[in-house]
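Visitor: I am new to this structure. Please take me through it and tell me what the descriptions rest on.

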Amino acid sequence: MTDAFQIVLAKRPAGDVTADCFRAETVALPALADGEVLVRSRGSVGEVVESKNPRYAKGDTVIGMLNWASHTLHDGKGLRKIDPAVAPLQAHLGVLGMPSFTAWYGIKHICKPKAGETAFVSAATGAVGQVAGQLARLAGARVVGCAGDDEKCQWAVREAGYDACFNHKTERDYGAVLDKLCPQGIDSDFENVGGKIFHAVFARLNNFGRLAFCGAISEYQDAEPIAGPSKMFTIVQRRLTIQGFIVSDHVALMGEFATEVGGLLKAGKLKSRETVIDGLAAAPQAFMGLLKGENFGKLVVKVA
Ligand SMILES: NC(=O)c1ccc[n+]([C@@H]2O[C@H](COP(=O)([O-])OP(=O)(O)OC[C@H]3O[C@@H](n4cnc5c(N)ncnc54)[C@H](OP(=O)(O)O)[C@@H]3O)[C@@H](O)[C@H]2O)c1
């Protein structure tokens, strides 16, 4: 029998996520049933320590939607084996993993940026945004983003190749700063943040603009939903394409993504940043920090 140390949801937040929404506990896991695997969190990924699933063997390194736990009993669905020799393990959570796949899908299949166009990316230096911005630039577009502090904005321009990035915490008038940085309007928006930033971007989308709605992190803790943009007829007037997407619907494209983005990484054409926090017990604090922008790039919690 294995004991698992885990962090679980103690209560759903009403408004801001607070520490009492989480509870740390140690539970005894039951014996494995047929088809199940026991995964131990190791570093930033998982190691199969016992398997009754023919697709996984003891010693395999895997990633997937595991619990916030030292050990997870898993039915194997959605787990992915990774080769530890290809890249540092935590890269499989970020620039070679789900966030990067999300960016790749939204840019390639929805935003479709090209030379002569302006592409906008909110949360420009986050795990998803930093890849979205770089892919839009590699496609030839002029790329503008926003981030929550000056250091992040400088990294976006100097390292990730954004043409401009504004600090959404110090800029008061999003419309004015977008008019300045995107004088030709915006042709595609990779939307991570929602709220007032999104409203200002939406109003500046050009004819035949494309909007990949990936997330709305500024709205996740709102107790009351905020109103959307007022002039929805803009969608008709400007013949906009607006598409929400969930990356897990597109796993069939994972191989294509890995070839393309893995190639860019190998060729030194993609930069990435991450924030590593030590210890599972720190996960609630790290999660609350993510909702305030305390992370820079992919937020990884390392488990001993
Ligand atoms: N559709 C999908 O399949 C899919 C998959 C993965 C992620 N997502 C979504 O993609 C978005 C980015 O996720 P991620 O994993 O890459 O997270 P992340 O960008 O690494 O971390 C979140 C960042 O969002 C910014 N932020 C937080 N609150 C904000 C606010 N009120 N206003 C503006 N910015 C705020 C902060 O950066 P700043 O310092 O720049 O403010 C923070 O660092 C999220 O909305 C997430 O839910 C969607």
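Guide: What follows is a set of questions and answers about this predicted model.

Visitor: Which domains does the chain have, and where do their bounds come from?

Guide: The bounds come from an automatic or database domain assignment. That assignment gives domain 1 as 2-91 + 277-302 and domain 2 as 98-248. The centres of the two domains, taken over C-alpha atoms, are 30 Å apart. Their contact takes 10 residues from domain 1 and 11 residues from domain 2. On the domain 1 side, the touching residues are five nonpolar, three polar and two charged.

Visitor: How do you know where the ligand lies relative to domain 1 and domain 2?

Guide: Both domains give residues to the shell around the ligand, so the ligand lies between them. There are 29 residues around the ligand, and those that come nearest are Gly126, Gly148, Gly215, Ser218 and Gly293. Helix H1 (98-111), helix H2 (127-138) and strand E15 (298-302) are the elements that give two or more residues to this shell. H2 gives the most, with three residues.

Visitor: How do the residues of the shell around the ligand divide by class?

Guide: The shell has 15 nonpolar, 11 polar and three charged residues. Gly is counted as polar here.

Visitor: Why are strand E6 and strand E7 said to stand at the edges?

Guide: Five strands form an open sheet, in the order E6-E3-E4-E5-E7, with antiparallel pairing. Strand E6 (71-74) and strand E7 (80-81) each have a single partner strand, so one side of each is left without a neighbour in the sheet.

Visitor: What makes strand E3 and strand E4 a pair?

Guide: Pairing needs at least two bridges. Strand E3 (residues 37-42) and strand E4 (residues 45-51) are joined by six bridges and run antiparallel, so by that cut-off they pair. Across this pairing, Leu38 stands opposite Glu50 in E4.

Visitor: Why is Ala119 called buried?

Guide: A residue needs 20 or more other C-beta atoms within 10 Å to be called buried. Ala119 has 30 C-beta neighbours inside 10 Å, so Ala119 counts as buried. Its place is in strand E8. Leaving aside neighbours within four places in sequence, Ala119 is in contact with residues including Cys111, Ala136, Val143 and Asp187.

Visitor: What makes strand E11 mostly covered, and which strands pair with E11?

Guide: Six of the six residues in strand E11 (residues 186-191) are buried. E8 and E11 run parallel and are joined by three bridges, with Phe120 opposite Asp189 in E11. E11 also pairs in the parallel sense with strand E12 (residues 205-213), over five bridges. In that pairing, Glu191 stands opposite Phe213 in E12.

Visitor: Why is the phi of Lys112 worth a remark?

Guide: Most residues other than glycine have a negative phi. Lys112 is not a glycine, yet its phi is positive, at about 45°. Lys112 is found in the loop between H1 and strand E8 (118-121). Arg239, also not a glycine, has a positive phi of about 50°. Its place is in the loop between helix H6 (234-237) and strand E13 (241-244).

Key. Residues numbered from 1 in each chain as written. Predicted model: local features only at pLDDT ≥ 70, side-chain atom pairs only at ≥ 80, totals over all residues. Contact = placed C-beta atoms within 7 Å. Helix = DSSP H or I, 4+ residues; strand = E, 2+ residues; numbered from the N terminus. Near = placed C-beta within 6 Å. Buried ≥ 20, exposed ≤ 12 C-beta atoms within 10 Å, placed from the backbone.
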